[in-house]
Amino acid sequence: MKRKLKLASMDTTAQKKHHWATGLLVSMEDPQLKVKEDDRVIVIKDKYPKAEFHFLILPKADIPSIWHVKKDNEDLLLHMQNVADELTKEHKDYEFLIGYHAVPSMHRLHLHVISTDFNSPCLKTKYHWNSFTTPFFLPSAEICKQLREESELKKLKSEDSSKYLNTPLKCYKCSFTPKNMPELKRHLLVHLSK
């Protein structure tokens with residue numbers, strides 16, 4: 001009995017070391033998640049993918065989020081975009097979205113590379129869906145262009161971010177408006193079969 005209690009307290013202590021928002025830092029070191037790496041970035045599989053293919057490209061430099069990016073980071077963002085483009089070429093039968101969330105939930109800058117099938121048991125909520133299919137999702141090419149032309153990034157207003165996440169569900173390929181996520185997910189299978 002004492003041994004079990006001791007092991008349980010060790011698990012709790014280990015969990016306290018890492019807040020869930022810093023989970024990407026742990027995932028960057030996980031060989032089962034790591035896809036590729038170079039001197040500037042690490043590519044990992046999203047631990048909770050929202051599509052069949054869902055990669056995250058993270059810089060080795062400690063940049064907390066897209067809103068901490070400076071003009072000096074322009075080359076890094078372009079490199080991340082190029083790595084994303086290479087990943088999509090490895091999966092030619094799929095379409096991909098490449099971009100950043102307007103309000104990142106995880107610590108460390110990360111670029112999403114996600115296939116548009118959205119076929120995943122981890123895609124569960126309206127917020128998951130809307131975070132990729134509304135202007136809450138900031139396309140990488142537009143972010144790179146804005147940084148190049150304006151030397152800084154314009155943050156989305158918090159009320160706009162909230163509005164996008166709370167937008168009623170709608171298929172991104174047609175005008176179908178489901179009542180809930182299970183209905184949307186069933187509908188998406190129609191597009192996969194085409």
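## Two cysteines, no bond

The sulfur of Cys171 has its closest cysteine sulfur in Cys174, at 3.7 Å, which is too far for a bond. A disulfide is taken here as a pair of cysteine sulfur atoms within 2.5 Å, and the structure holds zero of them. In general terms, a disulfide is a covalent bond between the sulfur atoms of two cysteines.

How buried or exposed are the two? Cys171 counts as buried at 1% relative accessibility, while Cys174 is partly exposed, with a relative accessible area of 26%. (Buried is under 20% relative accessible area, exposed is over 50%, and partly exposed is in between, using a 1.4 Å probe and protein chains only.)

## What you're looking at

This is a predicted model, so local features need pLDDT of at least 70 and side-chain atom pairs count only at pLDDT 80 or more, while totals for chains, interfaces and linings use all residues. Residues are numbered from 1 along each chain as its sequence is written, and side-chain values use heavy atoms, with hydrogens and water left out.

Strands β1 (residues 34-37) and β2 (residues 41-45) pair in the antiparallel sense over three bridges, and a hairpin of three residues joins β1 to β2. Strands are DSSP runs of E with at least two residues, numbered from the N terminus, and two of them pair if DSSP finds at least two bridges between them.

Val43 sits in β2, opposite Lys36. Val43 is buried, at 1% relative accessible area. Its contacts (heavy atoms within 4.5 Å), leaving out residues up to four places away in sequence, include Val35, Phe55, Ile57, Val83 and Leu87. The C-alpha atoms of Val43 and Ile57 are 4.5 Å apart, though 14 residues separate the two along the chain.

On a 1 Å grid over the protein atoms alone, a cavity is a set of points where a 1.4 Å probe fits but cannot get out; a pocket is an open set with protein on both sides within 12 Å along at least five of seven lines, and lining residues have an atom within 4 Å of a point. Grid points are joined across faces, edges and corners, and a volume is the space filled by probe spheres set on the points.

The second largest pocket has a volume of about 190 Å³. Its lining has 11 residues, with Thr116, Asp117, Lys173, His191 and Leu192 nearest the centre. There is one cavity of 30 Å³ or more, and the largest cavity has a volume of about 40 Å³. Residues lining the largest cavity include Ser65, Tyr100, His101 and Arg108.

Note on methods
Helices (H or I, at least four residues) and strands (E, at least two) are DSSP runs, numbered from the N terminus.
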